[in-house]
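Student: I would like to learn how to read the features of a model. Please show me the structure, and then we can go through it.

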Amino acid sequence: MLLAVVRLPWAGDLGIHAATVQRLRHSLLDPGNPLVDADTPSPYYSPWILVLGLLARLTGLPVFVVLRIGALVGLGLLFTGVWRYVRTLSAHRAAPALALLCLVLLWGPDLLNWSGFLGLNSLALTVAYPSVFALGLSFHFWAWLTTTLRTPTGWARWAGLGALWALILLCHQFTGVVATLGALATVLAARPDRQVLPRLAAALAVGIVLLWLWPYYDFFALFSAGTGLEAIHRSLYSDLPGRFGLALLGVVALVLRRRRDHRDPLVLFFALGALLFAAGGLTGHYSWGRAAPAALIPAQLAAALETVSAGRRAFRLGWACLLGAALAVGAWGQAGMLGYVVPRDALPASIAAKYRPPWAGYHWITPWVGYGQVVMARTVPSRQIPAYGPYTVAPGYPDVFLPDQGGRDAAVQRYFDAGTSSEVRRAIARRYGVRWVIGPAADAEPWLRPVTTGPAGQVLYAVRD
């Protein structure tokens, strides 16, 4: 994973996180929309990204160097958080290492790359995302909450737990849901007495106040915003056996844990996560599928802990062999990740076939396109171009706080439509202040001047005055 941080593969949402750091680097107080030239808030302006933006502003380091630093911090939080939380569940010295192996390998033969999902290949691609930072905080949060419930403590510690809960929610909302379900399971399993309930309420109140006070976006507006995220997340409900099949071993382990303790925290955690995931699929709220880690994490941890649990030695040995085989299958499924840390031609052909090349990026336009200038580009380029400082006409991702996203998307689609006249294209470019256009040579217009050519025959055009 450290080598993956050095490589920092370009894929997925890396562009929007780099873009938010870019905007904060130039204006901490009023950064505006990270992707388009509009003065709107954005849920991507999280406390963690604010810290990285401040670091970039104070040090002058390039944005991608700052993201690598953030990735190192996120990895450190994740691994130490897993260690601390597993220690609250088992005193066996091998438990944390087994837990880490299960979290990154006990998935399925088919890859699922998504922020907040800890498969090894997914982690390599999302290591610089706020979701990894938030997941690391979540494991520390669960560990801290568990020890607090076991030992009488003062109000200050509970206030700190509330602040940490709010921080996780602000850094990555979907991971915040997972953290909340894990905390609820921890509280239900602990059966706190009446003296603890006021402290729990105080922690909840502190968290809600901090969420309300966050100045960069209205957290509670996310509940009523028309996000348009359901279609994007529908794929989370496809190919479930191929993506999560190996985690069924953890479900068996959870059944064994429930026989020993009906209020086992991992069993309750899994039940809450599985219920929310299933509800999303049944009701068409496919974005609820992002709660899947709330079912996967306890199952994966249970599979690891069953290897070191008390009981007959013969059973533990047999379970260890079964788990070892499952981890081997999972490792083979994730083996393409090696292509992110060594040259592809150095891999055996069977592993190289699993490797998915990352994006090439748009650094090749930076000698000409200045910070804050508007570029007309299709969706995939629009997911990368703002990472280098420019804006695009339409955001490459759904934006819950951009009121005219539909009009912007339609304008880009109409611009690149083969039947659109040169006059209409020119009018669209003027409406959005377009200075540059990226497209194939077939997109050339009399009022465009070719400047340079990039990968896959893309041409950068300057708009003539």
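**Reading an interface and a residue**

Tutor: Between domain 1 and domain 2, about 540 Å² is buried, and carbon and sulfur atoms give 85% of that area. Buried area is the accessible area (1.4 Å probe) that two parts lose on being put together, summed over both. This is a predicted model: local features need pLDDT of at least 70, side-chain atom pairs count only at pLDDT 80 or more, and totals for chains, interfaces and linings use all residues. Residues are numbered from 1 along each chain as its sequence is written, and side-chain values use heavy atoms, with hydrogens and water left out.

Student: How many salt bridges does the rule find across the interface of domain 1 and domain 2?

Tutor: A salt bridge is a side-chain nitrogen of Lys or Arg within 4 Å of a carboxyl oxygen of Asp or Glu. Across this interface the rule finds zero.

Student: Where do domain 1 and domain 2 lie in the protein chain?

Tutor: Domain bounds come from an automatic or database domain assignment. Here the assignment gives 62–338 for domain 1 and 363–463 for domain 2. Nine residues from domain 1 and five residues from domain 2 make the contact (heavy atoms within 4.5 Å). The centres of the two domains, taken over C-alpha atoms, are 39 Å apart.

Student: Is Leu-211 buried or exposed?

Tutor: Buried means under 20% relative accessible area, exposed over 50%, partly exposed in between (1.4 Å probe, protein chains only). Leu-211 counts as buried because its relative accessibility is 2%. Leaving out residues up to four places away in sequence, Leu-211 touches Ala-166, Leu-169, Leu-170, Phe-219 and Phe-220.
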